[in-house]
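Subject: Structure handover

Hello,

Here is the structure for you to look over. My notes on charges, contacts and backbone follow below it.

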Amino acid sequence: LIVGGIFFSITTQKLEEEYIEEVKRGGIRLSDSIKNSFRYAMLQDDKKAVLSAVQSVGKQKEIDRLRVYNKDGVIMFSSVDREIGRLIDKHSKACAPCHRHSQPLKHLTELERCSIYNNDEAARSLLLINPIYNGTDCSTAACHAHDPHQRVLGVMDLSMSLQIVDSELAQKKRLFSSFAIGLMVITSLVIFLVMRRVVRPITSLVAGTKRISSGDLDHPLEVKTKDEIGMLADSFNTMTNNLKTTRNQLLQSERLASLGRMAAGIAHEINNPLTGIMMFTSSLQDEQKGEDGELSETLDVIMTETKRCREIIRGLLDFARQRQSNYQVHSILDILKNSLKIISSHVQAAGIEVVTRFDASIPAMLVDGIQLEQVFLNLMINAIDAMPDGGTLTIRATMTSDDEAGISVSDSGTGITPENISHVFEPFFSTKGTKGTGLGLAVSWGIIDQHHGTITVESEVNKGTTFTVKLPVSREER
Ligand SMILES: Nc1ncnc2c1ncn2[C@@H]1O[C@H](COP(=O)(O)OP(=O)(O)OP(=O)(O)O)[C@@H](O)[C@H]1O
Ligand SMILES: [Mg+2]
């Protein structure tokens, strides 16, 4: 706005100067023409003709006054009668251009001959002085021959009103300044809109990024505009959500990994005494063979319970990824189909409808087929358990990106409560009482982790649950 203001004021000033200059040049031409029109009458010394010409020029609308005075400053002719015969002061406006120095100037430039002053009516007038020089025809004229050495014979001064010029100028200035003000208002409006639509949302984006970088991922950015900034905020919020999910997964992985280390330690410690118990129980059973009695029944119970303990220890070792894997090239879809075959009788008995969405583009992958089947079976059995009154079991397998296959197992069952959902992968977490050991998901997590994949869960109470397994697909596999 400041630059605009300065630009407009300089331009208006320049325009005014050029306009006045043009008016001055026009005035000089007019003054020269008037002087030339008197010349003949002056050479003839026809004072009457000169006076009547001066008066008729003076009557014109834009002419304030026209007068001619001799070199001594006596007014010889004037459009204002009462001035004739008066002496002009050397310091008056008309004389000053030449007489402002001790020696009067011999020659004036065109622009030095003009000056602008305020007349009595508080309007501006243009004063044009026009020296009447001595010429050969003057010094030889029969009537009143002048001395040939005399350079200036007198001066004609013409005063023109600038009222019309000034009102035109004022009108132009008004037009120009309204244009300038209009432009400034538009500029201000544009700046205001830019502030509102761009700067403010960007400021809130910056504040949001600062919040996120300080670790607060729970406050999405509140930019609701439908433009590019709104899109940026949306993708920022999506990015924050993904970051949050990844952070939670990392935290959970870390927690499960440390649980796994502890479980592995305990499992190893318990494994040896268990083997001892089983060996001694087995030899005692051999001794008691063929005998019916309380002792032999007790030995049977000890044996089954010890075997159960060993299964649990195996599960713990699976979860802790302590078991040797056997990687071979397998088709994921074949493993899924096989798992479905195994549970088919369960499914039928529970009145569950099975829906499969298999994407044939999933390549054969280097995996431990038995372990992966165990994972899919765990997920499917959990889904069946969650639908005691029947429902739909949906299995999807597709490439989620160029280098990742996604397998999801969804049910329309009871769902998992928000308090429980963060514990389902922990070993021994079960809501099934004696029916479950709570190792199924823990073991599945261990297996998938060993395959460098991820397993996640989404659930809504009374709507259903989806477990998603994502496995990396290498370039060779593709
Ligand atoms: N599809 C599902 N729907 C609802 N709850 C589920 C589902 N899958 C798992 N859960 C919950 O997660 C818990 C842990 O599951 P996990 O498979 O680890 O153990 P479990 O099924 O209880 O016992 P098991 O060791 O026999 O598998 C379950 O007890 C159940 O509460
Ligand atoms: Mg289970």
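**Salt bridges and charges**

Glutamate 305 is partly exposed, at 42% relative accessibility. (Buried means under 20% relative accessible area, exposed over 50%, and partly exposed in between, with a 1.4 Å probe and protein chains only.) This is a predicted model: local features need pLDDT of at least 70, side-chain atom pairs count only at pLDDT 80 or more, and totals for chains, interfaces and linings use all residues. Residues are numbered from 1 along each chain as its sequence is written, chains are lettered from A and ligands numbered from 1 in the order in which they are written, and side-chain values use heavy atoms, with hydrogens and water left out.

Glutamate 305 has a partner. Arginine 308 forms a salt bridge with it, with the closest N and O atoms 3.8 Å apart. (A salt bridge is a side-chain nitrogen of Lys or Arg within 4 Å of a carboxyl oxygen of Asp or Glu.) Both residues lie in helix H7, three residues apart, about one turn of the helix. (Helices are DSSP runs of H or I with at least four residues, strands are runs of E with at least two, and both are numbered from the N terminus.) Arginine 308 is partly exposed too, at 46%.

How many salt bridges does a search of the whole structure find? The count is 17. One of them joins glutamate 16 and lysine 173, at 3.1 Å from N to O. Glutamate 16 is in helix H1 and lysine 173 in helix H5 (residues 163-213), so the pair ties together parts 157 residues apart in sequence. Glutamate 16 is partly exposed at 21%. Lysine 173 is partly exposed at 37%.

There is also a network of salt bridges. It links Arg65, Arg67, Glu83 and Asp157.

Lysine 35, in helix H1, is buried yet has no salt bridge. The nearest side chain of opposite charge is aspartate 32, 5.0 Å away. (Lys and Arg count as positive, Asp and Glu as negative; His and the chain ends are not counted.) What does the side chain of lysine 35 reach? The backbone oxygen of proline 131, at 3.0 Å.

Glu291, Asp292, Glu294, Glu297 and Asp300 form a negative surface patch. (Patch residues have over 30% relative accessible area and no salt bridge, and like charges are joined within 9 Å; the place of a charge is NZ of Lys, CZ of Arg, CG of Asp or CD of Glu.) Aspartate 292 sits in the loop between helix H6 (228-288) and helix H7 (294-319). Aspartate 292 is exposed, at 82%.

**Backbone and distance**

Most residues other than glycine have a negative phi. Aspartate 45 has a positive one, about 55°. Its loop runs between helix H1 (2-43) and helix H2 (47-58). Aspartate 45 is partly exposed at 30%. Lysine 47 forms a salt bridge with aspartate 45, with the closest N and O atoms 3.5 Å apart. Lysine 47 is partly exposed at 45%.

Asparagine 462 also has a positive phi, near 65°. Look for asparagine 462 in the loop between strand S11 (454-460) and strand S12 (464-472). Asparagine 462 is exposed, at 66%.

Finally, isoleucine 370. This residue is in helix H9 (residues 369-385) and is exposed, at 69%.

Best wishes

Terms used. Patch = residues over 30% accessible without salt bridge, like charges linked within 9 Å, V, L, I, M, F, W, Y side chains within 5 Å. Areas by Shrake-Rupley, 256 points an atom, 1.4 Å probe, with all protein chains shown as cover. Lys, Arg positive; Asp, Glu negative; His and termini not counted. Polar contact = N/O pair within 3.5 Å; in protein donor to acceptor, adjacent residues only side chain to side chain.
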